[in-house]
Amino acid sequence: MNMESWVITLFFVLPFFCAFVNPLADRIFPGVQRVLTTVMTFALLILTIFVCFYHQQTIVYAVGGWKPVGSVPIGIHLVLDGLSGFMLLMINLIGFFSAFYAIDYMKEYTGGKYFYVLICLMIAGMNGVVLSGDLFNMYVFMELAAKSSYALVAFGLRKDELEASFKYQVLGGMASLLILFGITMLYWKTSTLNMADISNLLQNSDNDAFILFVQLILITGFGVKSALIPFHGWLPDAHSSAPSPVSAILSGVLIKASGIYILMRLFINVFHPDEYIALVIATLGGVSMFVGALLAVGALDVKRLLAYSSISQVGYVVMGLGLGMTVIAKGEDASAAALTFTGALFHMFNHSVFKGLLFLNAGSVEYATGARNMKQMGGLAKYMPVTFASTFVASMSIVGIPPFNGFFSKLLIIVAAINGEYYFRAALGIIVGVITLVTFVKFQVYTFYGKPAFVSDFGESPTFMKISMISLVVLCFVLSILIIPEVRSLVIDPALDTLLETNGYSTKMPGS
Amino acid sequence: MTLYLLCFVLFMVGIYGVLTRRNLIKIVISLTIMEFSIFLMLALVGYVSGGQAPLVLDPETPYVQVVDPLPQAMVLTTLVIALATNSMLLTMAIRLYKKYGTFDIRKINELKG
């Protein structure tokens, strides 16, 4: 199939357009921005599915038509390859369901039109990050997504929301500056910003102290962005203070698009996979898994519990990534690396679906009862059957009970760890699974079972919230079939191939 | 090399300020110091000794010794982002001041990380 490469610019042109048309349209037809944003996110989802499944080759678009001079790419390139396509699918899926859910949920907030502007800008930023083939352009899009998320966290303008947002901004700002520092150092070394070009140039040189220093700076920066454990301070506050549809996007995709995706892209496709760096990444992942799970058990606030459990689940993904990098760096069997990367990618997708769903559930509980502390709840199962059932499915997914998607991805990571004879990490994966089980049993029991703590004058959530939750429940079941190799080859394998070819990424670019 | 190290020292001064100051405005100022150290770093990275501004003054001989214009363009872009960062941080600081009546972060502690 022949496709014009400019199509990929639509992924951020459409949300930008929508963001700036929303307030104008809202003056003429009040309330139209809800429809406009939902239709736009749906169009993006359709476009993603179309681009990813019907057009399997890498699409490269040179912004402004700057052709490479000789073998030196000048100008900014947008690249859509397997990994970008996979991330786009995730971002736009959760973006669509959150926007759909927000139609009802945001009615209790004033200033809804600014909410839609910010959410469009955030989606544009995340789509830009995953499409960019240029380090500095990636940084700018990352900042765009981060800035709109800062504003969205403080959207309710209550005391705790403002405080969470300030904390998030200071830590996020420091992380961005560390990343910019890393980019500056890389530019100093290679005199280029194009990632493929950097990858080419670094292939011919060894991993010297300079590159190791840059790598550590970048791990710190992206560690803050993806909330790995020593750098996680902002996440539980920020994710629990935001309005629930935003929490779903923040926890479901933002930490992955602006943290883990760039870690994967830089440390596998651009740098040489280095054994020590891989060990650092795997250790950070393992520590996040364990400590995040322990923090989640102790939490009593529903959304804070979910936020801590995000840290733990992201730890699984990062540990899988670190394991795969170790295998590649040692030059061992590529099929072992393939298994861990499949597990990591699969778990990342699953986490975005079930954690998105759980935050939407928490939002629906908060919408009905106005409470977030689990001790004030109880017996909600009778009044909110849809929320109860969907929370049950999502909890079973995140815990890893067999027919649901979370089981298969955790299984892949643990099996890969056992195959590579990393028994400690495999055991850690199982232990954290058990702690997660305790966490979510506690969540279920406190919230939905037992004696009703309220004299009820509330019922089930409004229609749009219900539809959104039910669709994500269906996805929790459907994603399990990704364990079948034939289905997996459609969705995960393009992304996997991008990761496995390591520095081969650079050969797809024009002029190299 | 001294200049690069001084940039790094300035960066560290900024980090020290963010970590130790108790006043919201001083934290914002420290973040700005970090930003500026990186702008200086970028400008230094693009500097070619004895280079001129990257302008084509004479079309006949365009290839004179010029400094690298790309880091300068990056500084301009990052300045705009830094403006957004600062205005957003200060907005939040003002809002927090209205709620709590103080800039002291020891008194603004409803949340426990």
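**Entry 1: Thr102(B)**

I started with Thr102(B), which is buried at a relative accessible area of 17% (buried is under 20%, exposed over 50%, partly exposed in between, with a 1.4 Å probe and protein chains only). I was working in a predicted model, where local features need pLDDT of at least 70, side-chain atom pairs count only at pLDDT 80 or more, and totals for chains, interfaces and linings use all residues. For my own bookkeeping, residues are numbered from 1 along each chain as its sequence is written, chains are lettered from A and ligands numbered from 1 in the order in which they are written, and side-chain values use heavy atoms, leaving out hydrogens and water.

I placed Thr102(B) in the segment after α3 (69-100) of chain B; helices here are DSSP runs of H or I with at least four residues, strands are E runs of at least two, and both are numbered from the N terminus. A polar atom of the Thr102(B) side chain sits 2.9 Å from the backbone nitrogen of Asp104(B). I then listed what Thr102(B) touches, skipping residues up to four places away in sequence: Leu96(B), Tyr97(B), Lys107(B) and Ile108(B) (contact is heavy atoms within 4.5 Å).

**Entry 2: Chain B as a whole**

How many helices and strands does chain B have? I found three helices and zero strands. Its radius of gyration is 20 Å, well over the 13 Å that the globule rule gives for 113 residues, so chain B is more spread out than a compact globule (taken over C-alpha atoms; the rule is 2.2 Å times the number of residues to the power 0.38). Along the principal axes, the C-alpha atoms of chain B fill a box of roughly 65 × 30 × 20 Å. I noted that buried residues make up 36% of the 113 residues in chain B. Of the contacts in chain B between residues at least 6 apart in sequence, 51% join residues at least 24 apart.

**Entry 3: The nonpolar core**

Next I looked up the largest nonpolar core, which has 205 residues (a core is a set of buried Ala, Val, Leu, Ile, Met, Phe, Trp, Tyr and Cys residues joined through side-chain atoms within 4.5 Å). Leu266(A), Phe267(A) and Leu345(A) touch the most other members. Helix α10 (residues 244-270) of chain A gives the largest share of this core, 17 residues. Another core, of eight residues, lies apart from it and includes Ala293(A), Tyr316(A), Met319(A) and Val432(A).

I checked Phe267(A) too: beyond its neighbours within four places in sequence, its contacts include Gln215(A), Leu218(A), His272(A), Pro273(A) and Met325(A).

**Entry 4: Two positive phi values**

Most residues other than glycine have a negative phi. I found Leu157(A) with phi near 60°, in the loop between α5 (135-153) and α6 (159-190) of chain A. Leu157(A) counts as partly exposed at 32% relative accessibility.

Is Glu421(A) buried or exposed? Glu421(A) counts as exposed, at 57% relative accessibility. Glu421(A) has a positive phi of about 60° and lies in the loop between α15 (405-419) and α16 (423-448) of chain A.

**Entry 5: A strand pair in chain A**

I ended at strand β1 (residues 59-62) of chain A, which pairs with β2(A) in the antiparallel sense over four bridges (pairing needs at least two DSSP bridges between the strands). Ala62(A) has His77(A) as its bridge partner in β2(A). Both faces of β2(A) (residues 77-80) are covered: His77(A) and Val79(A) are buried on one side, Leu78(A) and Leu80(A) on the other.

Key. Polar contact = N/O pair within 3.5 Å; in protein donor to acceptor, adjacent residues only side chain to side chain.
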